Amino acid sequence: MTDPANKTVLITGAGGGFGRHMVRQFRAAGAKLILTDISDEALRDASDDAGDDLVASLVADLATDEGCRMIAKDCASRNATPDILVNNAGGSRDGLLLMQSESDLRAVLEANLTSAMLCSREALRYMLRKHCGAIINISSLSALTGLPGQTAYSAAKAGLVGLTRALAREVGGK
């Protein structure tokens with residue numbers, strides 16, 4: 001990855017524990033930050049962590065086209081399109097597969113995989129025009145090992161690994 005100093009970094013799921021840690025790390029590295037989360041309260045705390053390096057903080061459901069387009073339009077209106085996208089949004093609803101509802105399964109897939117695909121698609125529109133950029137997808141060891149009681153989460157994170165590999169080949173040709 002390129003040096004994040006003086007780069008604009010968009011972090012999804014910025015209000016969670018790992019997201020807030022990344023906010024602090026990217027800030028320390030000299031990046032300008034655009035933060036998103038589905039939770040307004042969590043996003044406020046992450047925005048405080050970003051301090052003067054905060055470009056924007058936006059509440060959005062990134063598992064929808066509407067949410068991702070809203071973020072893209074807001075970034076464009078600020079002339080602050082991301083140089084680096086960190087797809088960190090996600091979550092789990094633990095339970096054995098046989099016990100989980102369809103809505104729980106869909107929510108986990110949408111939060112962990114669909115949001116990353118939709119955000120990547122929007123970010124690529126800008127990155128390809130500029131001929132530069134980086135997309136970082138945050139997966140989990142459970143993508144490779146599978147965890148009982150986290151079937152949907154493990155499947156979504158495995159899909160994220162596949163998405164990362166496919167994007168690298170689509171864009172980089174490797």
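Predicted model: local features only at pLDDT ≥ 70, side-chain atom pairs only at ≥ 80, totals over all residues.

Visitor: How many helices and strands are in the protein chain, and what pattern do they follow along the sequence?

Guide: The protein chain has six helices and five strands. Their order along the sequence is β-α-β-α-β-α-β-α-β-α-α. The radius of gyration is 16 Å, close to the 16 Å that the globule rule gives for 174 residues, so the chain is as compact as a globular protein of that length.

Visitor: What does the C-alpha trace span along its principal axes, and what share of the residues is buried?

Guide: The C-alpha trace spans about 45 × 40 × 30 Å. Of the 174 residues, 44% are buried. The accessible surface is about 9,200 Å², and carbon and sulfur atoms account for 53% of that. As for contacts between residues at least 6 apart in sequence, 57% join residues at least 24 apart.

Visitor: Now the strands. Which way do the side chains of β1 point?

Guide: The general idea is that side chains in a regular strand alternate between the two faces of the sheet. In β1, Thr8 and Leu10 point one way, while Val9 and Ile11 point the other way. All four of these residues are buried. Strand β4 (residues 84–87) reads likewise: Ile84 and Val86 point one way, Leu85 and Asn87 the other, and all are buried.

Visitor: Which strands pair with β1?

Guide: β1 (residues 8–11) is joined to β4 by three bridges, and the two run parallel. β1 also pairs with β2 (residues 32–37), in the parallel sense, over four bridges. The chain gets from β1 to β2 through helix α1 (residues 17–28), and this β-α-β crossover is right-handed.

Visitor: Which residues stand opposite Leu10?

Guide: In β2, Leu10 stands opposite Ile34. In β4, the bridge partner of Leu10 is Leu85.

Visitor: How many bridges join β4 to β5, and do they run parallel or antiparallel?

Guide: Four bridges join β4 to β5, and the strands run parallel. Asn87 has Asn137 as its bridge partner in β5. Here the chain crosses from β4 through α4 to β5, again as a right-handed β-α-β crossover.

Visitor: What about a helix? Which residues of α6 are buried?

Guide: An α-helix has 3.6 residues a turn, so residues three or four places apart point the same way. The buried residues of α6 include Tyr153, Ala156, Leu160, Leu163 and Leu167. Ala152, Ser154 and Lys157 are buried as well. These buried residues pack against α4 (102–130), β5 (134–137) and α5 (142–145). Helix α6 covers residues 151–172, which is 22 residues, and reaches 31 Å from its first C-alpha to its last, close to the 32 Å expected at 1.5 Å a residue.

Visitor: Last, a single residue. Is Ser120 buried or exposed?

Guide: The test is relative accessible area, and buried means under 20%. Ser120 has 2%, so Ser120 counts as buried. Ser120 lies in helix α4.

Visitor: Which residues does Ser120 touch?

Guide: Leaving out residues up to four places away in sequence, Ser120 touches Leu85, Asn87, Ile135, Asn137 and Leu167. Leu85 and Asn87 point the same way from β4, and Leu167 is one of the buried residues of α6.

Technical notes. Residues numbered from 1 in each chain as written. Heavy atoms only, no water. Expected span 1.5 Å × (residues − 1). Buried < 20%, exposed > 50% of the residue type's maximum accessible area, 1.4 Å probe, protein only. Contact = heavy atoms within 4.5 Å. Pairing = 2+ DSSP bridges. Right-handed = clockwise from strand over helix to strand, strands pointing away. Rg over C-alpha atoms; globule rule 2.2 N^0.38 Å. Areas by Shrake-Rupley, 256 points an atom, 1.4 Å probe, with all protein chains shown as cover.
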